[in-house]
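This report walks through the fold, the cores and a few individual residues of the chain shown below. Please keep the structure open while reading.

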Amino acid sequence: MSVQPWGEPGPGHEYGHGREPGRHGHGHGYGPDRRPLVGWQPAAVPAPSPQDAMRAGHADRDRTVDVLKAAFAEGRLSVQEYEQRHEAAAGAQTYGQLAALVADLPVGPMVTPAPAGPPVPATFLPAAPPPARPTSVLAVVSLVSSLMFLSLPAVVTGHIARSQIRQRNMDGDWAAVLGLVIGYMGSAFWTLLILAGIA
């Protein structure tokens, strides 16, 4: 008998050592003690992972058999190797067992699930930058007025600006404070100057 790429036996193929299936109990590449005549061993595979222990389904075994068929058709596997791996694929229960059968072959449709990394705790995630706050226009007006020795407008707009900044969560408090300080100093200066002129 011979084995076609899809695993069906055909007429005219002899098994190992020239014996036919009916002689000495040999068949499908096995000896009288049911051990393979040509001992195929799974190729070395990486250390087992949690995915290797996942249960395989019919579709996973079918994909593995497809890889074996392609390898047999391309001459990468002998008849006995294909038979042994095909039988092992039919009885495989986990992804690790299926992966061992095609570890030394160019794997096409046979895939294993991608390892899912542990979720990153929110503590270690990069913090989102805080939204930019608008700057109070009145705070800028207060500062500019104080620098132009317009003390009264600087003081008035400074107080209004600080009130808006607290209510609307705006930026520019430093400008309002600076405008108030310079404005009050300017008011004191002008007051003293007026009083000195009167005296």
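## The end of helix α5 and the residue after it

In this predicted model, α5 is followed by Asn 169, a residue whose phi is positive, near 55°. Asn 169 is placed in the loop between α5 and α6, and with a relative accessibility of 49% this residue counts as partly exposed. Most residues other than glycine have a negative phi.

Helix α5 itself covers residues 151-168, which makes 18 residues, and from its first C-alpha to its last it reaches 25 Å, close to the 26 Å expected at 1.5 Å a residue. Its buried residues are Ser 151, Ala 154, Val 155, Thr 157, Gly 158, Ala 161 and Ile 165, and these pack against α4 (137-147) and α6 (173-198).

Leu 150 has its place in the loop between α4 and α5 and is partly exposed, at a relative accessible area of 40%. The C-alpha atom of Leu 150 is separated by 7.2 Å from that of Gly 183, although the two residues are 33 residues apart along the chain.

## Overall fold

The chain contains six helices and two strands, and read along the sequence these elements follow the pattern β-β-α-α-α-α-α-α. Of its 199 residues, 30% count as buried. The accessible surface comes to about 12800 Å², and carbon and sulfur atoms account for 64% of that area.

How much of the contacts with a separation of 6 or more comes from residues 24 or more positions apart? Such residues account for 61% of those contacts in the chain.

In soluble globular proteins, nonpolar side chains tend to be buried together. The largest nonpolar core here has 15 residues, of which Leu 68, Leu 77, Ala 89, Leu 98, Val 102 and Leu 105 touch the most other members. The elements that give two or more residues to this core are α1 (58-73), α2 (79-91) and α3 (95-101), and the largest share, five residues, comes from α1. Apart from this core lies another, of seven residues, among them Ala 139, Leu 143, Ile 165 and Ala 176.

The 13 residues of α2 should span 18 Å at 1.5 Å a residue, and its end C-alpha atoms are 19 Å apart, which agrees.

## Aromatic pairs

A search of the whole structure finds two aromatic pairs. In one of them, the ring centres of Phe 189 and Trp 190 are 5.6 Å apart and the ring planes stand at 65°, so this pair is edge-to-face. Trp 190 is partly exposed, with a relative accessible area of 39%.

Key: Residues are numbered from 1 along each chain as its sequence is written. This is a predicted model: local features need pLDDT of at least 70, side-chain atom pairs count only at pLDDT 80 or more; totals for chains, interfaces and linings use all residues. Side-chain values use heavy atoms; hydrogens and water are left out. Helices (H or I, at least four residues) and strands (E, at least two) are DSSP runs, numbered from the N terminus. Buried means under 20% relative accessible area, exposed over 50%, partly exposed in between (1.4 Å probe, protein chains only). Contact means heavy atoms within 4.5 Å. Accessible areas come from the Shrake-Rupley method with a 1.4 Å probe; for residues, only the protein chains shown count as cover. A nonpolar core is a set of buried Ala, Val, Leu, Ile, Met, Phe, Trp, Tyr and Cys residues joined through side-chain atoms within 4.5 Å. The expected span of a helix is 1.5 Å times one less than its number of residues. Rings of Phe, Tyr and Trp (its six-membered ring) pair if their centres lie within 6.5 Å; planes under 30 degrees apart count as stacked, over 60 as edge-to-face and the rest as tilted.
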